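Visitor: I'd like to learn how to read a model like this one. Could you walk me through it?

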Amino acid sequence: MDNDDLIILVMITGMMYEYYRRRRRYKKRFWVRPLYKNRDVDGFFVTAFDHMYNKDFEQFKVNVRMNPEIFDLLLNLTEEKLTKSSCTYSIALLAVCGADYIFTAIDVGACGPQSDDGIMRRSEFARRLVQNQLELPETTTITGTNIEFPYYFIGDSAFPLRNNLMRPYPGILLPKDKETFNKRLSRGRETIENAFGVLASRWRVLLSPIHMKPENAESVVKATVVLHNFVKTHDESYCPREYVDFEENGAVKSGLWRQNTAPLRKARNLSGNNASRNAFHIRDILKNYLSHNEI
């Protein structure tokens, strides 16, 4: 070994000695601060915040970027707006669709924590229906008869009976003609039930609480309806035949959406059923026709 190699060896030895000497001098108090040991299990706030706030002011400032006194000042200024509200709202979606499961009209509203009573009566859809502002087609003759009959919507027992809104006959052990009418009406009503089912199954934000202000939640619901109509119109795979209820060999088969979505909650009475005598008469006309004609 020549002199140059000896000098390099001495330098390396000296550097290593200095490194280990300093390491012993500045030995770490701990590799992981005690307050962080359970952070992955309990979360940072639970394990660390109170400890830092009360005992470790230095670490509090590192994490929160302010000392506890400044934090308290800021909290006092903003606490009222940060208080969690326990108020919840329900969003009622009244909708109309065609045989192709495309929504043709919707009415979305935040009903608050109260019951569903009166939703229909307070809705813009009901107002226009009662005031004949929905631009429905003129009356026409029922096929095979000379009976003039209005175009009408189909609703379940939660809806009021109107000239342009048919609902089932109430009660059990009904006469055969009324029972037949109810079955025919139920078959037609399954279309909107399937439309709602496809909507909720495809846009799953509707299956759980929407943690937003009511007006923002309304916008989300409206957006899902628009997206449903758009994709349903342009993509056949969005809602294939087996995805909705269909009839096979005289039996109704449940659509695939029912496997992915819990049964939809039925609304309670949406309005009082103070129907006019003319509305009862129109329903009886339709009942008589359906009881004597297969459709």
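Predicted model: local features only at pLDDT ≥ 70, side-chain atom pairs only at ≥ 80, totals over all residues.

Visitor: What percentage of the residues in the chain are buried?

Guide: Of the 295 residues in the chain, 29% are buried. As for the secondary structure, you'll find 11 helices and eight strands.

Visitor: Among contacts between residues at least 6 apart in sequence, how many join residues at least 24 apart?

Guide: That share is 54% in this chain.

Visitor: Now the helices. At what angle do α8 and α11 pack?

Guide: Angles of 65 to 115 degrees count as roughly perpendicular. Helix α8 (residues 176-202) and helix α11 (residues 277-292) pack at about 90 degrees, and their axes are 9 Å apart. So these two helices are roughly perpendicular to each other.

Visitor: Which residues make that contact?

Guide: On the α8 side, look for Asp177, Lys178, Thr180, Phe181 and Arg184; on the α11 side, for Arg283, Leu286, Lys287, Leu290 and Ser291. Sorted by type, the residues of the contact of α8 with α11 are five charged, three nonpolar and two polar.

Visitor: And how does α8 pack with α9?

Guide: Here the angle is about 105 degrees, with the axes of α8 and helix α9 (residues 214-234) 10 Å apart. That makes α8 roughly perpendicular to α9, because 65 to 115 degrees is the range for that label. Ala195, Val198 and Leu199 of α8 meet Thr224, Val225 and His228 of α9. The residues of this contact of α8 with α9 are four nonpolar and two polar, with no charged ones.

Visitor: Is Cys97 buried or exposed?

Guide: The cut-off for buried is under 20% relative accessible area. Cys97 has 17%, so Cys97 is buried. Cys239, at 12% relative accessibility, counts as buried too.

Visitor: What about Val64: where does Val64 lie?

Guide: Val64 lies in helix α4, which covers residues 57-64. Its relative accessible area is 21%, so Val64 is partly exposed. Leaving aside residues up to four places away in sequence, Val64 touches Phe49 and Phe71.

Visitor: Now backbone angles. What is phi of Glu135 near?

Guide: The general idea is that most residues other than glycine have a negative phi. Phi of Glu135 is near 55 degrees, a positive value in a residue that isn't glycine. Glu135 lies in the loop between α7 (124-130) and β3 (140-141). With 77% relative accessibility, Glu135 counts as exposed.

Visitor: And where is Leu173 found?

Guide: Leu173 is found in the loop between β6 (165-166) and α8. Leu173 has a positive phi of about 55 degrees, although it is not a glycine. Its relative accessible area is 84%, so Leu173 is exposed.

Technical notes. Residues numbered from 1 in each chain as written. Heavy atoms only, no water. Helix = DSSP H or I, 4+ residues; strand = E, 2+ residues; numbered from the N terminus. Buried < 20%, exposed > 50% of the residue type's maximum accessible area, 1.4 Å probe, protein only. Contact = heavy atoms within 4.5 Å. Axes fitted to C-alpha atoms, helices over the stretch in contact; angles between N-to-C directions. Parallel < 35°, antiparallel > 145°, perpendicular 65-115°, else oblique. Nonpolar A, V, L, I, M, F, W, Y, C, P; charged D, E, K, R; others polar.
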